[in-house]
Every structure is written in C-alpha cells, then in structure tokens.
Amino acid sequence: MDTNIHQTEMLYSNSPADFDYVRVNVPCQSACPAYTNIPAYIRSLYEGKYDNSYELNRIVNLMPGVLGRICSRPCEEKCRHGEPELGKPVNICHIKRAADDHKNAFEPPRGGLFGSLDERICIVGAGPAGLAAAHDLATLGAKVTILEALAEPGGMLMYGIPEFRLPRQVLGEEIGNILKLGVELKTGVRVGKDVAVEDLMSGYDAVLLAAGCYTARMLEIPGENLVGVYPGLDFVMQVADGNPPRVGDSVVVLGAGFTAFDCARIALRLGAKEVSICIRGTEQDLRVTHEEIFETKREGISIQGLLLSQRLVGSDKVEGVEFVRTQPGELLPNGRRRIEPIAGSEFIQAADTVIVAIGQGADPIPSPGEKDKRGVVKGDPETFRTSLPGLYVAGDFMTGPSTVIESIAAGRKAAEKIAESLSGKKFREWTVRIQDARITDRQRSWDMIPRQEMPTIDPSHRLHPFNIEVELGLPKELAHEEAKRCYLCYLHYEIDISRCIYCRLCIDSAPRDCIKLAEDVVLSESGAISKIVETGSWQNVSAIMIDNERCIRCGECVRVCPVDCISVSKVELTERAVGGI
Amino acid sequence: MPKVDITVEVCGMAGDGTIAAGGLINEAMSLGGFSVLGFDSYPAEIRGFGRCVTRSRIGTNSIVALTDKTHVLISLDDKQSISRVPFLAEESVVLFDNQPPSYVSEKESLAAEIEPGTALYGLPMADLATSAAGTSRGRNLTALGAFAAIFGVRPDWFREVITGKFRSKGERILDANLKSFDAGYVYAQKTFGDRLRTVFSIVDAAATDKNKVMLSGNQAIGTAALDAGLRFYFGYPITPATPIMEFLAKHLPEHGGRVVQMEDEIASIGAVLGAFYSGARAMTATSGPGFALMTELTTHGIMAEIPAVILDAQRGGPSTGLPTKTEQSDLHAAVFGGPGDSPRIVIAPTNVAECYHLTVKSFQLAEKYQTPVIVLTDFYLDNRVENLVMPVATELEKADGSVYPELSAQNGYARYLDTESGISPRSLPGMEGFEYVATGLEHTERGQPDYSPEIHMKMTEKRFRKIYSALADLPVPEELSLDGELDVGVIGWGSTFGSIEEAVYTAQEKGLRVGGLKIISLYPFHEREIRAFMSKCRHVLIPELNFAGQLANLIGKLHKGDVVRLNLVTGTPMSPAFILARIEALLQAGVA
Amino acid sequence: MDTRHFVIIGNGPAGNEAAATLREHAPYVRITVIGQEHVIYYRPNLLPDFIAGKLSEDDLYVKPLEFYKEKDIKLRLGQKVVDVNIADREIVLEHKEVIRFDGLILATGGKPRIPEHLQVFEHLMLPLKTLPDAKAWIQKLRQIDSVLIVGGDLTSLCFTKALLTMGKKVFFMIQGGAFWPVRFDADIHDSVSRTLTEKGVEVIDSENIKGITKISENEIVVNTETRKLNVGAFGAFFGLMPDVKFLARSGLTIERGIIVDERLRTRFEGVYAAGDCAQVYHPGIRDYWVSIGYRNARNLGKAAALNLLGEQVTADVAAPGIFQFDEITVNTSWWTEF
C-alpha cells in the first residue's frame, strides 16, 4: 500500500467528551454565543479569501459587517493568545470587519433552495433577534412578516448605536441581505396599539415577540424631571432620528455601559465643552472594551469613578448632580461589584446637562398569556414558548438587555425551536466535526507579532462631520498580519504513543510546558481529558502527552519529531442540517 | 590601558547548546585579541538530564588557569545554574531567559538565589530566536548577542566566528544563527540602554596578538601527531580521549595514515606495538580504565624494547569512576603499573602548547629509547581551550629518533646489545642480516630466551640504565623562582600547574618569598634538580588532583623534611585561590 | 518559630520602611522586598537636584546592601511582578517565578501619567521618575538650551527649578489634571502661573497641542493652536499613576490607586497597600486621597507593616499633603520650597 496518499477522514461527533474538548480547547468559538468558527474565518482571511471569511461568519452570525464593528467580543476575552505570558488576544472582531471591508459584493442566496416549512410567521421587532429569527425561518421556507414599530429596521443597531461607531450604510446592507430572502417588513406598526397580539395570533401560524428593550431605566432619584436631564436611550434615539437634543457646556453622564459612552461621545459632538462619565465603581469594572475607553478619553472625556448620584439639583433647569463617594466591595454572583456609599462624603458637581444611561427594560406589549410583574409576557429560555401555543418571545424582550451577538444567537435559536414545534421535526444540530489535518505554514515567529490595533481618525477630525466613522478598518496588510497571529486552536495535536520513541525532541522544542511526561490522566465526567498527571521520574512515565490546553499550536513538535508520530486533526463546532429539509 | 580579567560562564542542560555557546565566546574573544582559557564540563550520560557548564577566562594579560569566581553567568537553564550561584563574584552579572517554558517556584528560581549586588539581565531568549529565525534553537545565540551588547564586545567578532562554525552546515542554518545572535544583540541594546557596560569596548585589543587560534589540549595532541608523521592510530573510544580519535579519524587519512577502531584497548596497544615494531609511528589514546587494560602489553613493549606512544587522558577513578570529571590519579599506574621491573618514560604536559610539543617529542623518545612512552593528560587539559599562536614542530623535533645499527654489525646483530647508555641499535623487519626475535620472555643480547640469574640481572639493569639515560632528552624541571631562599616552594605537574603558576606569581606580587617548580618528566625524573630546588625551600607544597599525593609519594623522599600535600578530588580543577590560600596558611603557621 | 513569609512589592520609601518595620517587630519572619528597578533604594524626590548637579549619585542612596544582609531581608532588584493571585497567596514574577506569601504589602509607587491625548507623542517625551530617567535628562541637557514642560505636577516644578539653575530656557504649558491628587482650579492655575513667570519661566496658557515634530535629535517643534515653539526637549508631567497593572486580575479594587481603608487594608486579609499606590478615603476632605511624597510614603509603609503584624494603626494619610495644599491656595504653592 502506498502510504504517501493522504486520506482525509472526516467524522461528526455528538459525544459530550468532544463538546467538552472544544469548550476548553477552542475557547473563542465556545465563547461566542453564535459559535462563530473564528479560527476558520481568520485562516480564510489569511489566505486572502475575504468572501469565504465573510461567509463563514455570516452563516452563523448573519451580520459580520455590523458585528465587526460593535460586537462585545466575548471571544477576545477567552483568546488563548491573551493568556498572561502570551501577549494580547487576537483582534478577532476587527478581522471580521476586515473580511467585510475587503470582500466582493455579497449576494444572499435566493429562494428555491430553501426548506419546506410553509407556515406563516409574524415577528414583532426588526432588531437583531427579530432579524435573525426571520432569516433562519425564511431559509427554512416559512413566510415571514416582520412588524417594526419604528420607522427603520435594525432596532438598537439603528437607534441605540451612534453612526460614528456603526455607519448606517453597513447596517442597511446587511439588513437588506436578510430581507432579500423573502422576508416582508412592515415599519411603523406598533403591535399592541396599531394591531393586537391576539389578531396576529389568529392571522399567523406563529408569532414571535422580539420587541427589545426600549424603556430607559431611570435612577429613581429626585430631580430626574428637571430640564436638561435626558434618559440615555432617548438621547441616542433622538440623535439617530435626526433630532439631536441640545446639550449645554458641561455634561455629566451617569452610567457605565456602551450607551453611557455613546451618550458622552455624542454630547461632545453636539458641542459640549466638558463631558464626564461618572460611574459607581472603577474603570476596571467597566464592561466596555479597552479600545472604547481609550478612544473616549482621547477625545477629552473624563471618567470619574467611585461616585453614586444622590439627586439632581436645580430649580427648573438642572444645575448639578449631588454625588456621594462609594466604597467598592466584592464581586457579586451577577458579575457586578458591591458598591457601598460612604456616608458624609456628599458633594455637588456642576452640570447643565445630565444624561442618565443606566440601562433599559422591555416595554410591555398588551397580550394574553402569563406575564412578569412589569407586564411583559414570560417565555421559556430553552423553548422560547409562552404560556400560549403559537406565541413565542425572544431576545432582549425576553431576557432584558444583552449584547447584539447574544440577541442574534437567541433569534436564531428561537427560529430553530419555532420550526421544530411547528413541524415536529429537527432541522439542524450542533456537532463536533473532526477531520485529518496537517500543520499549516504558521511560523512560531508569528506568535511574536504585536496585536494590530484598529487605526482611528485623529480626535481633532472627529467632530466634523459629526457622524464620521471613527474607526478606519484594518487595511489588507494589517488584517493579514493580525490573522497570522491566530494560533488556530481548532487544530488538535496528539502524540501516537505506540510510535513515540521518547526522544523528547518535542519537549526541547516546545515553546512552553505544553508537552508533558505523563504518569496518568484524569478524565472529566464527559470523558474528556481534564488533567495530565506529570512525573519527573523516568520510571513512572507512561506516555509523552501534549496538553492541548497549554498547546499554542505552533507545530514545532511535529516538525522536529524524527518518527512522525504526532498527528494533527481539525476539531470544530459546526452546525449541520439533520434529516433533510 | 585598562586591564580586563573576567570569567564568563555558560550553564545549561544537555541539549541547550551550552558548549557551543562557550566555544563561540572563546573564539570571538580570541579573535578580538584577548587571552582566553576555556573549560567545559558536561554530564556523564550521553543524553540525559545533566548540567553543562563552560567557563571562559578572558583577559588582556596571559592566562594560565581558571579561577573559582565567575563574573558573568549566562544561564540557559536556571535550575542548573542555581548551583553556580555560590561561585559568582561580587558585583557579577547574570544573564537569564526570562521567558522559560514553565513556571517555577521560588526554590527553583535563579533570580531568587542571587544576591542583590548581582545585576540581573533577563531576556526572552527562545522568543527572540523564534521571532528572528523561526526556531528557538538559536536561543543560546541570542544570549551571546546580549552578552556582546552588554559588555561592549564588537558584534563582528561573534559574527565572524559564528560564520566560521556554521558555514559548512548550509546557508539556512548559518543565517538562523546569525539572526538569533543579532536579535539578542539588538534586544539588549534597546532594553538595557542605561545598563550597558563598556568592559571590552574601552580596551584596545589591537595591542595583543590576533594571530592566535583557539586550541584544546586534545586538538593540540591530534595536530601534533599529524605533524609528527603518525601513520596509524589504534584505539577504542573513551572519555576524555575520544576527541583525539575523532580528530584523527577526520584528518589522518588526508595525510595518508589510517585510524583503526579496535575491539578493545588490549588490541589497540598490541597494534601500536606491531606498527612500531615494523617502523611506523603509531599511537593510542585512552583513559584510566583502558590504560589499565593495556598494562600487560605495555610491559611487553618494555621487555621486547618496542616503541609505543600511549596517551592516558586521566579522569576520575577508580574503575568507570567519574567519566567526565578531572583527576590526576593515574600517576602511580603510569609510572609503576604492570608486572615486573618495567621502567618506562612518563611525561605530562601542563598546558595546550606543551600538549603539542610533548606529543611530537614522544615519538622521538619512543624510537630512541625503544620503549613505550606514556603521555599523561587529564580531562581539564584535554578539554581546556587556550588561545595561542599555532605551534609548529621543527624538523629536528619531528626527526626519527631511532639509532640504527652499523652495517658492520650485519649478521652478528645483537638486537639487545648492552651499550653504555643501554640503547641497543634498532633494526626493522626487512633489514637484511638484522633479523631477530622480539620476545616477552627474558632474553640475551641476541634475543634468545634465557632465564639465567645472570642474564635477568644484567638485562634488567640495562633496561633501567636506558631509561635513566633518557633524562638527557627529557625537559628539565622549570623554576618560577625568585633568587635565594624560599619560604614556600610549590611543585606541580600536569593540568594543575597553571593554577600553581598563577598562585605563585600572585604570592610574589604580594611580596611573599614563594617559588614554583614544574615537573614534566615524571619518570624518569630529574632528581638532582628537584633536590636542589627543595633544598632552598622552607616548605615544599605539592598540589595535585588526587587523594593521597601521588607526585608527593614519588618525589617527596628527595626533601629533607616532609613535603606538604594539597589534594583535591572534587572532579574539578584546583583554583589558584585554593593554592594561594594554602601558601598563605603555611606562611602564617611558619610565623607562629 | 515564625515561618511566615511577608512579601513587599516595591523598593521605594514605603516598601523599605515597611520592611524595616516588619523586621523590627518580627525578628524571625521571612521578608522579601521586590523592586522593579535595578538600583538600590534611592530618594526619587532628590532627582531634580541630582540633575542640577547639586547632589551626587551616592547622595541619593538611602541604605547600603549590607543593611539588607544584616536585617536578613531578601532584596530582589530588577524583578517585576506581573500577577498576584490572592486566593492561592501567590505572586508571579515576569520571569515566570511563583512566590508564596503569607502577608503582602503593595508599595509599587507610581509611574508617570501621560494623558490619553498626549499618548501619541509619548515616544518624543522624556519622563522623569527614575534614576535612569534622570541620567537620560543629564545627557540631554548637555546638548540643549530649552525645555518645554507640559502639565504641572510637583516633580515638574522642582525640575523647572533645577533647569533654571542650570541656565536653561523653560517653557511651561500648564494643563489641568496635572495636579492630582489636588483638584485643579483657577486659583491654583493663577498661583502657579504667577510664580513661574516671576522666576523667568515662559508660561503658555493651557492650549491644545496640535502636533509635535522631531526635527533632529535635539530639536523639537511643538505646534499649539496659536504658537509654534522650538525646544530642545519636551516632557509631560501629569503626576503619577499607581503602577498596578499587574493587579488587574487580582480582584483588588483599583481606581487611581489600590483602594484601602484607613488602616491600609485592601479587601483581602493580609494584603495591604502603602505609598503612592494606595488610595484611601479620607474623612477630613470627604474624598479619596493618594498621599504623595517621600515622607508620606514612609509613614504609610510603616503603618501597613504594623497592621500586617496585627496592630491597629490608622494611617496619617493626608494631613501633611493637605495642609501644604491649603498653603498653596492661600499663599504661593505646595512647592513652597520652590
């Protein structure tokens, strides 16, 4: 037999051990709510296949151009390259944007290839969750109608995120690509007012409420009704609507999320002289990205920590905020920090505009069915069902405010469940795909390439025009350089111990303690390897093992192995159709 | 001009490229015109977990020994280097890899061990090599680059020696090594900007001889054998003598000779005797265990009066002992080993240049005195590198030492003729009318076996007389003395003598009345000269690397009082400071 | 036998005072001081005088190495802490060494704070925080006649004084935010501006820097909205930021410094902060405060050490600084020595 023929084997596994493996070993993909195959799209971009890279994103997250700008990037927090001794995480998000920036014009698939689900489905809300659900249901063959209360589709993407972070043309194009699948969009229709939920339920086979969260939360402190005080969400929505509110010279923003930062940066663009973001905790607890904090401060906005607002002062117009200083405590189970006010530390900070951007909640839609205490219909987080058959809820409307990527993932999952419950069959599943692979042309020296940061326009040019996009996008060369940094954690290296001659050349060439003299292994409940028991004594060595958690996929061990006993496979979470459509 | 005298040490694990790095330091600094003496020690196992250390003493003045204290420690493996910390001089420098593969506890950390007076320079060696050359294998070269930058060594010197070393391995490997070196150099210049030192850059190295080459004791021996017209090398590998065989295996065929690896040491000495018997220069090199196996046939050479050159590269013993450690404990075996009264010539070089000259000389001696000549070196001398002007043997040194019989002696030829010197004219096979029987049995002047009391008395005496007469051709003990009486006279031999020399000169600089005597010819030895030296010393000190004092046993009786022995069997060289301390202690005791 | 291991991160006044105090009260514990700089403990506040040539390098040093040997304090110079894992009681050094501790005092001091809008020019600035920085300035000042100072913290004022005694032309661009922990206001601005002008400094009122160009090694052109300045060198002086990046994953709360209570305790048992890196709520001014300066740092170091050993010392965190501050607003400045 000619052993030179490389036979590629591919198999799909639903074994919990393999899911467990991916969870630990491909941390970026596991961290993404939509399970975007990050190593794959970065590798595609490296190979210059921008279209393919974009498509690898779009098939699971639907709006790569949008997400490549404003995604909250849970993947980067988990990126192996960001481990303490390894440098900074790969700029995963901006590589996504680069795929969008440099791809050829994208044409979505048209009907005809779609599935057989013939039901009529109404989706309430054209935000990320609604659009995502519409997209998936349309591809399964359903006739989807979206009802949107506002004038334009996009939800928070359109109204909650300022243009200088997300240009409308990018958003419009990607929404358009979803609608092109045959989705009917009706804007300016407020469900519960213009049309009743009950009517929709009788007119459609299923109704999905994905109306988002549009009620700005307020602090419930005295003075919030003074002139010059704006709820953050209203503030950004008015700007998005083309009716920016007036701001004074000194603006205080209360809040710590992306909306607070957006409000502050918008206020600066509307002519404010001094803008400060006042937060209860400290900068280190902020959930916005480091880049966002840096750019905001670079524009001249200050962040003041350890302040809790007590009341807004002023006779009819707001004149200032009374703060009390706070003492930060431990992290609470919800990930936020306990904050205690320090008695006696009150002081007043002058301000002529105060923006309260502390979050938002869902606006109840009148409907039958079981509701929570604020009157919002309750849904099951797994099945998205409500107490009424045919009525579903999803996205922020169900969970409260979340991120765009979570909403898209939730919308897609809701679509899957709706299709399942309407047809009684399963359309698709997540599975672990394992195939033979080889080491790539990645060189160990690429691991030392510094993270390529997003170029931005100079702060002095950001205010005019007011909505100019701040981030310029990674040019091809930078994106390519950044793509080289990805370890490609979907590759799995394994020593065939029956062929290993224990020469230890792999250990000598290892970049870190990733190859171990093992005495034993400990398996997790799922059957995946959870720990390698190392030994320093030759007598006890039962195998030389690659610790895939420590492995940075540099390939050095494969290159130096004299007996070629280290195999490489590619392990990815993939979504696949089941049982035919 | 400022003087420089620093000791640089590279320490790592087998496989880290420690020895290669040390070698490049020696070569580069030699190229730059500095005096260099280097010595490596490495693990006994062929591929194991052992520690490798290279030490290089670099100076503007001539250097004859290593010192205890290290001024610069380049650590390629911190766990190994920790054991070197006690040897660091005050205000020393430690270069280490600050991005090792794994995390270590405080106990295993080099940085935790060093005193605050030692300056730490950390660089990510493997990462630098990888970024520069795509492979971490050049991490030792990055350390050299950093060393050059920190100490103001011209990088060109390193680049030249790196090129010399790696050119033959192909463009790619050479390029990777040069890039790794440059990466370390550039990193250090950038990172340690305000901590760079100008140790070497302010010294005008042009003042010293740049035509020097780095030569190890073993290379010198091999080169000498080639220059002396060696035709055959027979041997069996053994540390630390193997490099001689490797060297000759490469070069001897180019000179028309042959290297034969024999089945063991007995066969090796047998073949050497056979070759010499037929008139060809031949040699073998071994170490203690192999030398012991050769004993019987060596005495056969003595009895049958066949020349042989046997090099015993001593190591720690007895038996397999400490294969990669140094010791001078085969002296008794070399001088006395073997059955019967078997006088032979035993000489020991004390430095690399002498390794060369005495090896050349050994062939002539063997031929002239028709006896095995044993050259005693040891691990420290064999593996030590010194930079020196390449030694060249004169025609006189290389000339055939044999005394051939007069034509008139034809037919009545007495192979073992008892002459005044004891030297019997030698014939070679094929010389018509000069045929004889070479036998290990006691024999008459004509070579006939004869066990009569008269013959054995006479011939034994003849063989001793012959060996004593060799004293005229053997190097006379050399004094490092002041005129007049001495408080302490230090006598030494072999590899330890460099340290003695430095200790004696240091003592003299301190105004102490201390002298030294170098003994090269250990058997026979120059009794009169040694006695004369001893007689002007209040104390005679004999430092050597064996337990009981084998030289002291050999020559101690020549002194009117007891000689003072200074012995060390740590497997490591004896330092000048160790000897100086003993000298000073003797003087103090003398005062009290 | 007391086998506890107390680790002090920082080899400045706070760290050294803490170490000496610990040894004095706990003769048998293991004490390790880890300093990021390679030089032994010196007084950073004297660097301007060192630059001016009034003091020699030896004048800056506080304690010889023998002190540490004698007191059995392990001093580790030139070693950088990159992580603190409080749950496991471990600190991690940059060279991947893990050290166990029983008690920890964070006394890392500060590093020069460069405001975000000036960070793009950082490669053109010379900082002045460490001895090597001072040596770099000495080199530079041999070749140049004029210096632009942006900001206006305590260091910049002492440094200006040194520059004037050396006969250099000083341009001073006062910018708000430089006076941390003192809040910048019009009074301070005027008072500083007046004093500086009297001394012969050319004060340039707060202006935005539009661009900085390096013409040659010793010539920098600074463009503001209204002016174009040619200077030999340029430095930004916006006070210090606590050097606590290595604590990002530690769970300690950090704002401008490590937040501690009036006994210098962090939220974790046995972990204290002292000196410029500690941020303490001060009831007197009803605000958080970071005590700066040599004397304060020593006091805090001592208090932290005593509390670590079980005392209940309230740190006198702010008083000297604040009184000085009050003097400044009333009279001239808290650089009264100026």
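Predicted model: local features only at pLDDT ≥ 70, side-chain atom pairs only at ≥ 80, totals over all residues.
How many residues does the contact take from chain B, and how many from chain A? Eleven residues come from chain B and eleven from chain A. On the side of chain B that touches chain A, the residue classes are two nonpolar, eight polar and one charged.

Chain A also meets chain C. Here 20 residues of chain A are in contact with 16 residues of chain C. On the chain A side, the elements that give two or more residues are helix H14, residues 290-298, and strand E12, residues 320-331. E12(A) gives the most to that side, with five residues. By class, the chain A residues that touch chain C divide into seven nonpolar, eight polar and five charged.

Let me turn to the chains themselves. Chain A contains 19 helices and 23 strands. Its C-alpha trace spans about 85 × 60 × 45 Å along the principal axes. For 581 residues, a compact globule would have a radius of gyration near 25 Å, and the 26 Å of chain A therefore agrees with that expectation. Chain B contains 21 helices and 21 strands. The C-alpha atoms of chain B fill a box of roughly 85 × 65 × 45 Å along the principal axes.

I now move to a helix pair within chain A. Two packed helices are described by the angle between their axes and the distance between the axes. Helix H4, residues 50-61, and helix H7, residues 92-102, of chain A pack at an angle of about 125°, and their axes are 8 Å apart. The angle makes H4(A) oblique to H7(A). The crossing of H4(A) past H7(A) is left-handed. Which residues meet there? From H4(A) come A:Tyr50, A:Ser53, A:Tyr54 and A:Asn57, and from H7(A) come A:Lys96, A:Ala99, A:Asp100 and A:His102. This contact divides into three nonpolar, three polar and two charged residues.

The next item is a sheet in chain C. Strands of a sheet pair through backbone hydrogen bonds, either parallel or antiparallel. In chain C, three strands form an open sheet in the order E17-E19-E20, with mixed pairing. Strand E17, residues 258-260, and strand E20, residues 287-289, of chain C each have a single partner strand, so each stands at an edge with one side left without a neighbour in the sheet. From one strand to the next, the twist averages 35°. Strand E19, residues 278-282, of chain C pairs with E20(C) in the antiparallel sense over three bridges. Within this region, C:His282 stands opposite C:Asp287 in E20(C).

Finally, some notes on backbone geometry. Most residues other than glycine have a negative phi, and most peptide bonds are trans. Where do cis peptide bonds occur in this model? One joins A:His464 and A:Pro465, with omega about -10°. A:Pro465 lies in the loop between strand E18, residues 428-437, and helix H17, residues 476-485, of chain A. Another joins B:Thr239 and B:Pro240, with omega about 5°. B:Pro240 is in the loop between strand E9, residues 232-235, and helix H9, residues 242-251, of chain B. As for phi, B:Glu91 has a positive value of about 55° although it is not a glycine. B:Glu91 is placed in strand E5, residues 88-97, of chain B.

Notes. Residues numbered from 1 in each chain as written. Chains lettered and ligands numbered in written order. Contact = placed C-beta atoms within 7 Å. Helix = DSSP H or I, 4+ residues; strand = E, 2+ residues; numbered from the N terminus. Nonpolar A, V, L, I, M, F, W, Y, C, P; charged D, E, K, R; others polar. Axes fitted to C-alpha atoms, helices over the stretch in contact; angles between N-to-C directions. Parallel < 35°, antiparallel > 145°, perpendicular 65-115°, else oblique. Left-handed = near helix turned anticlockwise from the far one by under 90°. Pairing = 2+ DSSP bridges. Rg over C-alpha atoms; globule rule 2.2 N^0.38 Å.
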